[in-house]
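Please open the structure in your viewer and keep the selection tool at hand. The tour below goes from one selection to the next and says what is found at each stop.

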Amino acid sequence: MPKIKLENLSKSYGDFEVLHSIDLEMQDAEFTVLVGPSGCGKSTTLRMIAGLESVSAGEIYIDDKPVSKLEPKERDLAMVFQDYALYPHMNVAKNMSFALRLEKRPKKEINTKVNEVAEILGLTEFLHRKPAELSGGQRQRVAMGRALTRDSSTFLFDEPLSNLDAKLRTQMRAELAMMRQRVHKNMIYVTHDQIEAMTLADRIVVMHGGKIQQEGTPEQLFKHPANKFVASFLGTPPMNLLQASVQGTSDITSLIGSGFSLRCDDNTKQRLGRASSKEVLLGIRPCDLVFDPSAPEASSIDINVVVSEYVGAQSVLIGDCSGQKVMVELKSDTPIGLGEKLRFAVDLDDLHFFDVDTDQAIV
Amino acid sequence: MSNSSINRLYPYVFMAPALVIMALALLYPLGYMVYGSFRDWDPSQALGESTFVGLKNYYTLWNDPNFRESVAVTLKFALSVVTIEMVIGVGLALLLDRKLRGMSMLRTLFILPMMIAPVVVGLVWRYMYHPTIGIFNKTLKSIGLEPIDWLGQNALTSVIIADIWQWTPFIFILALAALQSLPRSALEAARIDGATGWQQIVHIKLPLMMPVLIVTCLLRLIDAFKVLEVILVMTEGGPGLSTEILALRISRTATEFRELGVAAAMSNYLLIMLLVLTVCMLAYNRWMEYRAARAMRVAAEIG
């Protein structure tokens with residue numbers, strides 16, 4: 001499988017630059033997910049790799065060969081589109097074999113290949129149906145089958161699940177993950193859904209405002225977000241971000257915000273020493289707040305719980321910490337009352353700090 | 001009368017005025033024409049004074065070589081203009097289906113011929129085709145070529161060219177609209193699947209445009225069968241019968257030969273031909289609707 005490399009890749013429409021000089025390297029047989037909010041440039045990046053958008057500056061290399069001037073068909077890629085992009089006038093078999101028929105492969109080979117892929121995707125009984133006679137999930141599978149029948153080295157997915165309803169999306173996500181284990185190819189997947197990104201990716205690339213914010217494994221990104229954007233984008237419910245200031249004498253340093261005053265240990269003190277000012281942004285994941293009425297004040301936060309969202313085994317509490325909104329995730333059977341001020345213990349090692357000037361993480 | 005039956009009558013009461021007008025405006029002239037076609041009828045007579053001749057008018061026409069010639073000319077004219085217009089119109093649409101500066105301006109220019117009154121079109125082309133002072137022969141002469149006898153020996157071809165000039169834009173506009181409403185992503189998928197520009201046209205664009213193209217084609221065909229003014233002004237059907245299409249022959253039979261019964265019978269022949277075309281078009285539409293409905297039903301069943 002080829003190595004795909006983007007070097008200083010930029011895209012502008014007129015004077016408006018939507019993609020600012022991106023560098024990215026995707027390894028052999030890696031599942032890379034480009035994730036970010038709408039308009040962050042992720043789809044544009046994918047379409048440039050596919051050859052559907054021209055490259056304004058920079059270069060795309062596939063196995064060290066520059067391809068940005070090549071037609072899509074010369075890049076050896078297959079792509080699955082958000083709206084499936086099936087050919088409405090062809091039946092499923094014809095849709096899946098279109099590329100092979102254009103290549104004038106022998107009929108027998110085409111049939112074998114189509115049947116094989118249809119078998120994998122459970123489409124065998126629908127081979128003679130037109131796309132209009134299929135349900136959303138089946139169309140999605142045909143789109144995937146069309147990509148699979150071609151022995152392309154690289155698969156591109158442009159938000160392939162976003163047109164499906166929630167239940168089907170979960171199911172297709174699992175099927176994708178299973179297909180991924182069978183098919184060892186490069187896959188580049190674009191989505192705005194961070195759960196898809198977390199569950200499918202070998203490597204996540206978080207994009208925002210036409211720039212790459214951070215790349216790494218899902219775990220790296222979740223545990224060590226590089227900046228405020230990544231921290232608040234990945235994870236549901238999102239990370240709580242609270243204003244705090246570092247105060248203290250030579251031996252005791254505290255992190256003080258409205259509603260809390262946390263005593264820092266040596267390690268934390270060192271980390272905070274690298275901040276550009278005394279003011280920092282304190283990040284804490286909702287799952288890291290532990291309900292503990294007896295916790296000492298120096299290692300806890302008091303939250304006035306306003307709303308409790310029951311989602312089954314877990315509940316999400318939305319509370320107020322002296323004017324700042326805080327979310328907490330805890331077991332639904334925890335006995336708490338709405339409108340009460342509750343104490344949550346905090347482990348200093350779970351805290352993230354962000355520089356207020358640069359939004360970058362303080363490590 | 002019970003309440004429910006009154007309720008059921010209401011819609012018909014409201015529809016009645018429209019029905020009456022329809023009957024008067026549409027069915028009365030039609031009936032008049034059909035009735036007239038069975039009679040030996042001179043314009044100086046009232047229809048009631050004419051004598052009933054049964055199917056004689058139809059029979060005479062059927063055996064009249066001039067009428068057959070006229071039908072042949074009409075068919076030749078209609079089929080060739082529609083074929084050529086379809087090819088050029090769709091071809092132009094495929095070429096111009098892209099983002100170009102001033103495209104809307106260009107589109108307006110393209111449809112100008114369609115907006116000119118047919119009589120004016122006929123006159124303009126008659127002058128352009130003029131053997132000595134016409135622009136075509138003057139140009140041919142200036143580059144040292146033999147002049148062409150446009151409206152003489154090549155009358156039918158000349159008339160066909162003029163019609164193509166006037167009506168290709170109609171097909172161009174509809175084909176372009178059809179092209180621009182094609183699903184973009186399917187075309188992108190085809191590019192990724194390795195289709196060349198030509199293969200995209202043959203395998204994706206044309207099949208997807210087909211429903212619009214078929215309706216466009218039938219509309220043009222129906223229109224081409226009835227064309228009158230342009231040819232009347234350009235050639236008056238001549239020389240000989242070479243450009244005497246049916247509409248022209250009908251009008252001459254009625255006015256010059258004063259045989260209203262025969263003209264009516266001729267109109268009915270033309271009407272039958274057009275009816276066959278229209279029924280084809282409706283049947284096609286019905287078939288498409290049926291297929292769409294079946295597809296929806298199947299999709300609903302499999303949920």
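This is a predicted model: local features need pLDDT of at least 70, side-chain atom pairs count only at pLDDT 80 or more; totals for chains, interfaces and linings use all residues.

Begin by selecting residues 203-208 of chain A, which form strand β9, together with residues 211-216 of chain A, which form strand β10; the two strands run antiparallel and are joined by five bridges.

Next, select A:V33, A:M79, A:A143, A:L156, A:L282 and B:A175, which touch the most other members of the largest nonpolar core, a set of 149 residues. From chain A, the core draws at least three residues from each of domain 1 (4-233) and domain 2 (240-355).

Stay with A:M79 for a moment: leaving aside its neighbours within four places in sequence, A:M79 is in contact with A:A50, A:A147, A:L156 and A:D158, and also with B:I192 of chain B.

Finally, turn to the contact between the chains, which takes 22 residues from chain A and 19 residues from chain B. On the side of chain A that touches chain B, β6 (77-80) and α2 (92-102) each supply at least two residues. Sorted by class, that side of chain A has 15 nonpolar, two polar and five charged residues.

Notes. Residues are numbered from 1 along each chain as its sequence is written. Chains are lettered from A and ligands numbered from 1 in the order in which they are written. Two strands pair if DSSP finds at least two bridges between them. Helices (H or I, at least four residues) and strands (E, at least two) are DSSP runs, numbered from the N terminus. A nonpolar core is a set of buried Ala, Val, Leu, Ile, Met, Phe, Trp, Tyr and Cys residues joined through C-beta atoms within 7 Å. A residue is buried if 20 or more other C-beta atoms lie within 10 Å of its own, exposed if 12 or fewer, and partly exposed in between; C-beta atoms are placed from the backbone. Domain bounds come from an automatic or database domain assignment. Two residues are in contact if their C-beta atoms, placed from the backbone, lie within 7 Å. Ala, Val, Leu, Ile, Met, Phe, Trp, Tyr, Cys and Pro count as nonpolar, Asp, Glu, Lys and Arg as charged, and the others, Gly among them, as polar.
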